[in-house]
Amino acid sequence: MTLSITIHPFRDSETESLVSLFTESVHTLATTEYTAEQRAAWAPTDPDMDGWRQRFQECQTLVAEEEGIPLGFISFEPDGHIDLLYTAPDAARQGVASALLGEAVRQLSASGSRTFYTEASLIAAPFFKRHGFEVIEEQRVFRGGVGFRRYLMRKESA
């Protein structure tokens with residue numbers, strides 16, 4: 001199945017659907033690397049919508065959709081920081097994340113960024129490696145008192 005996606009800037013009205021996509025993504029796609037306790041701390045089932053709305057507005061956020069259905073999103077900052085990159089479980093490994101990352105890097109490069117970095121989960125790290133990012137260091141972070149491993153990763157553009 002080939003997806004026909006379009007990418008557009010985040011709209012405030014999409015907050016709830018994107019948070020739902022995020023929560024479903026974490027609880028479905030991260031089961032091999034993170035425990036149920038870790039997933040619940042990372043993506044609570046009772047999310048703070050005001051906090052999410054603010055987070056989306058503080059970053060540049062792009063949404064990938066097909067026929068009005070969100071399939072993924074990416075949030076990034078002017079300094080090259082890729083803050084969030086998630087796809088719907090049904091759209092995983094179908095090019096959605098690659099298209100979103102490509103568009104974010106294109107926009108960041110056009111505004112002068114030459115270094116891109118992210119804090120990648122154990123699930124996302126192989127994706128970022130395939131896109132030229134290198135592990136800088138392993139990190140241990142805490143959400144709601146629960147510890148997680150992730151990787152600080154960076155890519156220098158040519």
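Predicted model: local features only at pLDDT ≥ 70, side-chain atom pairs only at ≥ 80, totals over all residues.
Residues are numbered from 1 along each chain as its sequence is written, and side-chain values use heavy atoms, with hydrogens and water left out.

View 1. Strand β6 (residues 134-143) runs antiparallel to β7, and 9 bridges join them. Strands count as paired if DSSP finds at least two bridges between them. Helices (H or I, at least four residues) and strands (E, at least two) are DSSP runs, numbered from the N terminus. The hairpin leaves 2 residues between β6 and β7, and G144 in the turn has a positive phi of about 55 degrees.

**View 2. β5 and its two partners.** Look for I82, which stands opposite T118 in β5. To get from β4 to β5 the chain passes through helix α4 (residues 96-110), and this β-α-β crossover is right-handed. Right-handed here means that, with the strands pointing away from the viewer, the path from the first strand over the helix to the second runs clockwise. β5 also pairs with strand β7 (residues 146-156), this time in the antiparallel sense over 7 bridges.

**View 3. Zooming in on Y117.** Y117 lies in strand β5, and its bridge partner in β7 is R154. With a relative accessible area of 24%, Y117 is partly exposed. The cut-offs are these: buried means under 20% relative accessible area, exposed over 50%, and partly exposed in between (1.4 Å probe, protein chains only). The C-alpha atoms of Y117 and D83 are separated by 8.6 Å, and the two residues are 34 residues apart along the chain.

View 4. The structure holds 11 aromatic pairs. One of them is F22 with W52, a tilted pair at 4.7 Å centre to centre and 55 degrees between the planes. Rings of Phe, Tyr and Trp (its six-membered ring) pair if their centres lie within 6.5 Å; planes under 30 degrees apart count as stacked, over 60 as edge-to-face and the rest as tilted. The pair ties together distant parts of the chain, with F22 in helix α1 (residues 15-29) and W52 in helix α3 (residues 49-58), 30 residues apart. F22 counts as buried because its relative accessibility is 4%, and W52 is buried too, at 11%. Both rings belong to one aromatic cluster made up of F10, F22, W52, F56, F73 and Y86. R55 lies over the face of W52, at 5.7 Å from the ring centre. For that label, NZ of Lys or CZ of Arg has to be within 6 Å of the ring centre and within 35 degrees of the ring normal.

View 5. Why is the pair of W42 and F148 called edge-to-face? Their planes stand at 75 degrees, with the ring centres 6.2 Å apart, so the pair gets that name. W42 sits in helix α2 (residues 36-42) and F148 in strand β7, 106 residues apart. Both W42 and F148 are buried.

**View 6. The largest pocket.** About 1200 Å³ of space lies in this pocket. A pocket is found on a 1 Å grid over the protein atoms alone, as an open set of points where a 1.4 Å probe fits, with protein on both sides within 12 Å along at least five of seven lines; lining residues have an atom within 4 Å of a point. Grid points are joined across faces, edges and corners, and the volume is the space filled by probe spheres set on the points. Of the 42 lining residues, W42, L85, Y86, S121 and A124 are the closest to the pocket centre. β4 gives the most to the lining, with 5 residues.

**View 7. Two loop residues with positive phi.** Most residues other than glycine have a negative phi. E67, in the loop between β2 (60-66) and β3 (69-76), has a positive phi near 50 degrees. E67 is exposed, with a relative accessible area of 79%. R93 is found in the loop between β4 and α4, and its phi is positive at about 60 degrees although R93 is not a glycine. R93 is exposed as well, at 76%.
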